[in-house]
Structure formats: structure tokens, C-alpha cells
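Here is a predicted model, taken one label at a time.

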Amino acid sequence: MSRCHHCDEFSRASLVRRTAAEAGRGLPAIEPGMPLPAGTGLDRRAFVARSAGLVLSIYGAGKLKLFEEGIARAAGGPAQPVLVSVFLPGGTDALSVLYPGLDGAYRKLRPKLALNPGDGTQFSEDPRLFWHPSLQPFATLHGEGKVSVLPAVGYTHPDQSHFTSRHFWEVGATEARLASGWMGRYLDHTGTKDNPLQGLSLDYQLQPSLASTKVPVASLAAPDDYSFWAPGVWGDVEDRMLEALEPLGARRSDPFLNQAANATAQSDRLRRQLAPFVGTGYGTPVPYPDVDDSFPKQLAGLAAMLAANLPLRCVALTAPGEYDTHSDQPQALADGLDVTARSLLAFQRDLEARGLADRVLTLVWSEFGRRAEENGSDGTDHGAAGTAFVIGTRARGEMVGEFPGVANLDDDGNLRATSDFRGVYCSLLEQWLGEDAAAVIPGASSFQRPVLVK
Amino acid sequence: MPPVYRGKFGKPQAERLLWRAGFGPRPGQAEKLAKLGLHGAVHSLTHPGRERLRGPKPHDDHGHPLAPYDAWGHDQLWWLDRMVRTSRPLGERMTLVWHDWFATSRDGVDSARLMIRQNQLFRTHGLGSFGTLLTEVTKDPAMLIWLSGTDNTKDSPNENYGRELMELFTIGADRGGYTERDVREQARALTGWRNDWNDNVGPVNFRYDPRRHDDGVKTIFGKHGRFTWRDSARLCVQHRLHPSFFVTKLWSYFVPTPPSSATKRELQHLYTHSGHSVRPVVEAILKHPALYEGPRMVKPPAVYVAGLLRALRRGIDTEDWTWLLSLAGQQLFYPPNVAGWDDTRWLDTSTFRARWMIASRAIEPHVLKTDKARLPDDASKLLSRAETFLGSPVLTGHTHGELKRFARRALGDANAKWKKEQYPALIENALRQLLASSPDLQTC
């Protein structure tokens with residue numbers, strides 16, 4: 001069942017999240033009117049953290065030691081594979097992402113929205129399909145053998161509520177009550193108690209897929225944003241204030257006081273881990289799209305964090321754009337896919353330039369696809385099977401499940417799934433992260449594992 | 001009767017009571033409440049008299065009055081203002097409890113009007129009969145939309161409300177209290193509600209339409225009858241497993257560790273013999289030794305924000321609380337799902353930083369300027385001022401000691417004349433920030 005007022009809400013909710021993000025960025029990192037470092041005894045220093053290859057420029061001499069300690073500790077362990085999850089919010093239209101441009105039935109279902117064969121590049125693995133013009137960056141990477149395409153991924157008895165279907169994908173099961181995320185459960189099995197960065201939500205809130213029950217995970221909007229500003233505090237006193245977080249986070253005997261102390265200590269640890277990025281940020285070896293949205297910046301920051309050998313394992317972030325395209329689909333979809341695809345291409349090139357490409361695999365997904373038949377307002381309503389992509393030099397680069405076509409839709413007029421997202425998770429766990437999926441995904445034994453990694 | 005706390009009832013106990021049963025003390029309020037003794041203090045909360053809203057009236061960032069039905073986020077500010085200014089804090093806290101218990105989200109309802117109507121229902125019936133509250137919630141328009149009540153018809157029954165009614169609201173899952181057949185039969189009994197759609201206002205004209213009701217015989221919990229929606233709610237409240245579910249869940253909002261089996265039994269007895277009345281159970285919980293002798297609780301973000309503003313005598317004068325509360329993980333009127341917020345997971349690295357930012361935003365209007373403030377060059381005195389600024393909360397020795405150590409060290413850094421003049425103000429600002437975001441003030 002789809003209800004329009006539900007979806008107005010969906011877009012307004014994401015709007016307010018963006019507003020929150022802007023507002024959050026609006027808080028100054030240092031107090032306005034703070035005297036310039038020169039003349040106040042503050043010391044603006046730059047140094048190179050050799051282990052990380054980063055140029056750092058920071059305020060206050062007292063912090064230098066902490067940076068070095070943080071980087072050294074982080075750089076200590078062996079390099080681990082990293083999984084990045086990119087969520088396209090709202091339900092991306094599979095029949096536009098890879099569209100059957102030559103199919104008369106498709107053109108009949110989409111009299112206004114159908115894309116023409118000449119609009120996009122032909123998909124080499126299935127000549128019936130064409131890449132959405134905005135996805136040319138994906139077509140390029142696919143041509144290099146770095147993209148596995150899932151043209152119709154979903155699950156049986158598809159739920160057409162954003163809320164419910166996204167929840168299923170986040171928890172890795174079609175269970176409404178499961179409260180931990182699938183990557184969170186993976187980290188519960190393999191992670192450590194003292195490294196919040198192992199599960200990193202590049203967002204203002206924890207991405208539900210990373211929700212763990214035993215080990216700490218972190219969320220931050222941007223690596224150069226995780227600072228603790230206080231009004232009317234700067235210089236030596238600010239350094240001393242931040243130093244005080246560690247003893248305030250010391251273990252307490254009261255269990256709930258201790259929970260709060262623990263959050264203080266973990267935040268302080270994360271603050272130190274990320275200290276190299278706060279203030280002046282980081283350099284990138286390749287250009288990223290210059291847009292208002294924070295997505296390319298987040299990916300650039302992610303690459304820089306990986307280059308700094310920070311101990312990341314699972315990362316989750318939300319793609320830019322509005323995919324709940326009940327109306328005016330052509331423009332909205334083109335805009336969102338454009339920034340998303342160009343940013344992910346830049347990210348891939350960045351990783352390649354830094355020699356990190358073999359360590360990172362990116363899953364791009366959405367909570368469902370859209371109705372095959374267009375609605376009356378240049379848009380499409382909620383559907384079932386959607387598209388997903390696995391990107392990286394280690395991606396196998398072969399299609400998983402075939403395109404089901406529009407001749408055999410389900411009872412609601414939606415695409416039928418030809419692969420199951422839980423099977424995809426099992427494959428990523430076993431083939432990429434080296435973990436037995438049975439420990440993470442409920443009913444893992446019942447899902448086929450597509451080969452996703454080479 | 002459940003046991004009653006017999007220890008000293010001084011400021012620390014009164015302060016804890018004010019946090020658990022409300023949104024913390026205004027300056028001096030804990031000392032005043034302590035003088036009433038335990039029974040007097042609890043009575044003053046459960047029988048507060050007519051409501052007055054005290055303190056500065058709320059306004060948005062432009063100085064305009066709030067428009068909770070129309071302006072984005074103002075619904076939250078409207079409620080937060082009540083939490084800050086009410087003379088009936090327990091009534092407002094119970095409204096928050098029921099908002100979590102019958103968790104309904106604007107994400108599904110998409111109407112501030114209906115969400116606030118539901119909110120008023122919680123306020124009106126918050127300490128009265130649970131049976132009445134449940135009956136009202138069952139036909140509440142926001143709930144009818146949220147859990148598909150108006151989609152539930154005799155031709156096409158929808159189990160959404162019927163299932164949650166038993167699982168989350170009255171009996172609990174996996175206790176052997178009901179079967180999948182009961183879920184289906186409840187759905188049939190609940191049929192009949194409908195509404196119209198108005199393009200300007202949204203859903204309107206919620207009503208019971210007998211033509212959409214399945215008037216056949218149903219079997220619920222082994223009983224047979226031509227049950228209707230009223231019977232649905234009644235049968236749940238009369239269910240043998242309801243009182244234990246009710247008292248355990250209610251208890252969890254006030255005390256973080258589960259009640260002993262003896263206490264649970266006594267609370268059930270109290271509840272059943274009062275005709276399923278909420279107030280006597282809340283009173284017994286607020287007087288229970290576990291509340292005063294047991295561990296602390298993490299304050300929910302809305303309670304944390306409202307409490308800071310109460311301590312600072314500050315009203316709602318900015319819309320920032322909307323996004324700050326959202327960052328902290330509790331956007332009012334948007335519980336994450338029908339099970340409500342997870343009280344065990346308020347704190348992570350992002351929400352801790354959000355709480356730090358909340359503290360910054362709360363103390364910001366009073367920031368001390370280095371060129372104006374004349375402050376003592378003494379760590380103890382600086383700390384004592386910061387404590388007074390935040391309403392003199394009771395602190396643990398550890399936190400007190402660490403804050404003092406910070407102040408002493410920071411004063412020690414002042415190795416030049418200008419530093420000796422300016423650092424005390426910076427330190428005072430930092431002490432306020434550290435204190436307001438300390439583990440002690442995140443918990444109660």
C-alpha cells in the first residue's frame with residue numbers, strides 16, 4: 001500500500017535532516033571574535049605526521065603529543081578490508097537506473113518517463129539495458145570490471161513502506177523487531193572494545209545498519225567536524241578542558257553513571273583519533289565534485305582517514321539526492337544520481353591514487369525500487385525490487401541475477417526480485433570480511449551466495 | 001503494599017525524585033521539596049493542583065510566538081516549553097511516558113494537528129484509568145492512521161493495531177498470552193473506523209461506521225462474542241497477564257533495574273484493586289526504596305534539555321533545540337518505531353557530542369567575557385560559582401575533584417599578566433561546559 005501523505009513526510013523529514021546538518025555545521029569551531037593566535041600567546045603550528053603523510057595545522061602546542069599517540073595507535077594493526085555502505089534514500093527507480101530502452105512494454109508503462117536508447121550507454125552484460133545518463137561514471141567503472149550490478153535485488157513478500165523496507169535492509173533480515181544492524185552484529189563478533197572507529201557512520205546519527213550491542217561504534221558528520229567547542233573557552237584553557245574529558249570518563253561503580261562516563265571516554269578517544277582532521281582538514285590527490293552537498297566531502301574525508309591508517313572496518317553513509325520520486329522524477333533522479341555517481345567515481349580514483357583500492361568495497365543500495373507503471377504526476381510510486389551495486393577493484397564485476405523484465409510483474413505491478421539482499425550480505429561477510437555469515441544474518445544457510453569478490 | 005523508602009529524604013533524594021518524576025529542579029526547588037518529607041513530596045507531584053506555566057513565554061528565532069500546527073519543528077518546541085514551565089511536571093513526564101508507550105510518529109501520521117491532539121489525550125488521562133486511556137488511544141485519529149486502524153475493514157482486515165495492542169501496549173510478546181489467531185480475531189473486532197480526506201487539512205472526520213465493521217462472532221483469549229473495538233481494549237486490560245506487563249513497563253520509566261518479584265506482585269495487586277488506575281502505582285514507585293537506593297538513570301535527551309533550561313531559568317528562545325534534540329536521538333513526535341525509544345541506547349559518540357552541543361547552547365547566553373568579568377583566582381571558588389550557575393546540582397566526589405583539578409591546572413598555566421587577568425573567565429566558562437555535560441548531569 002502506498003499513501004501519498006506518507007511520502008510528503010518522507011521528503012520533509014529528509015529536508016529537516018539537511019537543515020539540521022547545516023545548523024550543525026553552523027556552530028563555529030572556535031569562538032567568534034577570538035583573538036588571532038599571534039599576540040595572545042597561542043601557537044599556530046603545522047607539522048607533518050609522518051606515519052600518516054598528512055599535513056596538519058593546529059592550534060595549541062599541548063595537543064601535538066595526542067595526535068601522534070592517536071595516529072601511532074591507529075596505525076599499529078594490520079590493514080583490514082573495509083566495507084562502505086551507501087544508502088540512496090527513498091526507493092530508487094530501477095527502471096531508470098538501468099532501463100530497457102528498446103522494450104515496447106516499458107515505453108507503454110512509461111509514456112512520459114521512458115528514456116530513449118540513445119540517452120545512455122548500453123549495458124554490456126545485457127544489451128536490453130542502458131545506463132541512466134547520470135550514471136556514466138558507473139558505466140565507466142563497470143567497463144573497467146569494477147562494478148557488480150544487481151538489476152533486481154529485494155526479498156520475497158516485499159514491503160512497500162519506506163520505514164519497514166529500509167529497516168529490513170538495515171538489520172539484514174525481514175524482522176520488524178530486530179534492533180541491531182547487520183554490520184553492527186558483524187562488529188560485535190569481530191570488533192574490539194576500545195575502537196569506536198571500527199563502525200563509522202558518516203552522519204549526524206548512527207546509521208541503523210551499524211547499531212551494535214557489544215562494541216562501540218562512532219558516528220560523525222565529517223572527520224574534520226568532530227570537535228568539542230565551548231562558548232568563551234580557547235587557548236591553553238581549551239586544551240586543559242579537553243584533557244579533562246578523559247578523567248571525567250573514568251570508570252564509575254554506578255552502572256548508568258558508568259555508561260555516561262563510557263560515552264565520554266569513547267567520544268574523547270574518537271576526538272583524539274580524528275584530531276588530525278579537525279580544523280584544516282586533509283588533502284586529496286584527485287578532484288571531487290564541487291557541490292553544496294557534503295557527500296563528496298565525506299568520501300574524500302573517508303579516503304583520507306583510510307590513508308591515515310585509522311582502524312575503520314564498516315562505514316555507512318547516505319547518498320545525496322531525493323529518490324522518492326512520486327512527481328517530477330526526471331530532474332530529481334538525474335540530479336541525485338549525478339552527484340552520487342561522480343562522487344563515487346572520484347572516491348574510487350582517490351583510493352587508487354593512494355594505493356588503497358584493494359582494501360575497500362562499496363555497496364550502493366536503496367530500500368526498494370518503484371512501480372513499473374508511471375503515475376499521473378511525472379513520477380512513480382513505491383515498488384519492490386530495486387538496483388544495487390558493489391564497487392571496487394576487488395568487485396567481481398559480473399551481474400548478479402538477471403533483469404526480470406516488465407512482462408512478468410508481480411501482483412502489485414512491481415519488478416520481481418532476482419537476487420536477495422540477505423544473500424548479498426552473506427557474500428560480503430564471507431567473501432570480503434572473512435566472517436561466517438551464520439553468526440550475523442538470521443537464517444543465513446537458506447540464502448544463495450552470489451560471487452561478489454574476485 | 002510495596003515497601004516504602006525509609007532513609008533520609010534530603011536534597012539528593014528530592015533532586016532525584018524531581019528528575020525521575022519530571023524535568024529536574026528549578027534553583028532551590030530540591031531543598032524546598034526535601035522539607036516536605038517523602039510522602040509530602042510525592043503527594044505534591046501526584047496532586048499538583050491547577051496548572052500554571054511559569055517563566056518567559058516561548059518564541060522562535062525571530063521573536064515570534066510558536067506556531068505548533070504550522071511551522072516545522074514548533075510542535076516540539078511547544079511541548080518542550082511545557083516541560084520547562086509547567087507547575088505539573090509529573091503530568092508532563094507521564095505524557096512523555098505515554099508518547100513512548102503508545103509510540104506514534106509524525107513520519108506516518110503527517111499531521112501536527114493530530115499529533116498534538118493525541119499528546120493532549122496523554123496529558124488528560126496520564127494518571128487516571130489505564131482502561132480509559134487505552135480506549136481513547138484505540139480510537140485516537142493519529143493512532144488510527146499510524147497503525148492502519150482506518151484501513152482495517154471487514155472485507156480487508158488489517159492486523160497492525162490488533163497485534164501491537166497486545167504485544168506492545170498491554171500483554172507483551174512471547175509470554176503465552178495470546179496466539180496468532182487472537183491477533184486475527186482482534187483485527188476483526190477492531191474493524192469499523194474510517195475517515196475522509198481533505199486536500200487542505202489531510203485526514204478528517206474520523207468516525208465509527210458499522211457498515212465497515214465485522215459483526216460476526218469472534219473468539220479472543222478463549223471467549224466468544226460479537227466483539228467490537230471497545231471489547232478489544234477491555235479484554236486486553238482484563239487479561240490475566242496484563243497487570244504484570246503494566247507494572248513492569250511502568251516501573252522501567254522510573255527505575256532502571258527490574259522490580260523484585262515481591263514488589264511486582266504488590267504493585268499488580270495495587271493496580272488491579274484500584275480498578276486499573278495509574279496514579280496509585282506511580283505513587284508507590286515514587287516512594288519505593290529502589291528509586292532512592294538503586295543506581296542512577298540516563299536522562300532522555302528531552303529531559304536533559306528541559307532540565308538545563310529549568311536550572312538556568314531560561315525559556316524557549318531559539319529553534320535550535322529542535323535539531324539539537326534530533327542529533328541527541330530524541331526528536332519529539334518522531335519515536336523511531338512503534339516500540340518507542342530504546343532507553344538503553346541514548347549515548348554514543350555522536351549523541352554525546354550532541355549533548356555537549358546542547359550544554360554549549362544552554363550556557364551560551366551567559367558566556368563570561370574576559371575583559372568584563374572579575375573572577376577569583378581560586379579553583380574552589382570558580383567551581384562553586386559554576387555549580388551555583390547550574391542550580392547547585394548534587395555531584396559525585398570524583399566529578400567534583402576532577403573539575404577542581406582542571407581549574408587548578410588551568411590557573412597554573414597563567415604565566416603572564418594578561419593570562420592571570422583573562423584565564424579565570426575562560427576557566428569559569430569551561431567549568432560550566434564540563435559540568436553541564438558531565439556524566440553526573442547526564443544521569444539522575
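A residue is buried if 20 or more other C-beta atoms lie within 10 Å of its own.

Q: What makes helix 1 (residues 11-20) of chain B largely enclosed by the rest of the structure?
A: Eight of its 10 residues are buried, so helix 1 of chain B counts as largely enclosed. The buried residues are B:Q13, B:A14, B:E15, B:R16, B:L17, B:L18, B:W19 and B:R20.

Q: What covers the buried residues of helix 1 of chain B?
A: The cover includes helix 2 (29-34), helix 3 (37-46), helix 15 (278-286), helix 16 (289-293) and helix 17 (301-311), which belong to chain B.

Q: Why is strand 10 (residues 360-366) of chain A called largely enclosed?
A: Seven of its seven residues are buried, so the rest of the structure largely encloses strand 10 of chain A. A:V360, A:T362, A:V364 and A:S366 point one way, A:L361, A:L363 and A:W365 the other way, and all are buried.

Q: How do you know that strand 10 of chain A pairs with strand 3 (residues 82-88) of chain A?
A: Pairing needs at least two bridges. Seven bridges join these strands, which run parallel. A:F87 stands opposite A:W365 of strand 10 of chain A.

Q: What makes strand 11 (residues 386-391) of chain A a partner of strand 10 of chain A, and in which sense, parallel or antiparallel?
A: At least two bridges are required. Three bridges link strand 10 and strand 11 of chain A, in the antiparallel sense. A:F389 in strand 11 of chain A is the bridge partner of A:V364.

Q: Why are helix 18 and helix 19 of chain B called roughly antiparallel?
A: The label is for angles over 145 degrees. Helix 18 and helix 19 of chain B pack at about 155 degrees, with axes 8 Å apart. The two helices are therefore roughly antiparallel to each other. Their crossing is left-handed.

Q: Which residues make the contact between helix 18 and helix 19 of chain B?
A: Helix 18 of chain B brings B:D320, B:L324 and B:L327; helix 19 of chain B brings B:A354, B:M357, B:I358 and B:R361. By class, that is five nonpolar, no polar and two charged residues.

Q: How many residues does each chain give to the contact between chain A and chain B?
A: Chain B gives 51 residues and chain A gives 49. Helix 22 of chain B supplies the largest share of chain B's side, nine residues. That side has 24 nonpolar, 14 polar and 13 charged residues.

Terms used:
Residues are numbered from 1 along each chain as its sequence is written. Chains are lettered from A and ligands numbered from 1 in the order in which they are written. This is a predicted model: local features need pLDDT of at least 70, side-chain atom pairs count only at pLDDT 80 or more; totals for chains, interfaces and linings use all residues. Two residues are in contact if their C-beta atoms, placed from the backbone, lie within 7 Å. Helices (H or I, at least four residues) and strands (E, at least two) are DSSP runs, numbered from the N terminus. Ala, Val, Leu, Ile, Met, Phe, Trp, Tyr, Cys and Pro count as nonpolar, Asp, Glu, Lys and Arg as charged, and the others, Gly among them, as polar. A residue is buried if 20 or more other C-beta atoms lie within 10 Å of its own, exposed if 12 or fewer, and partly exposed in between; C-beta atoms are placed from the backbone. Axes are lines fitted to C-alpha atoms, for helices over the stretch in contact, and angles run from 0 to 180 degrees between N-to-C directions. Angles under 35 degrees count as roughly parallel, over 145 as roughly antiparallel, 65 to 115 as roughly perpendicular and the rest as oblique. A crossing is left-handed if the near helix is turned anticlockwise from the far one by less than a right angle, and right-handed if clockwise.
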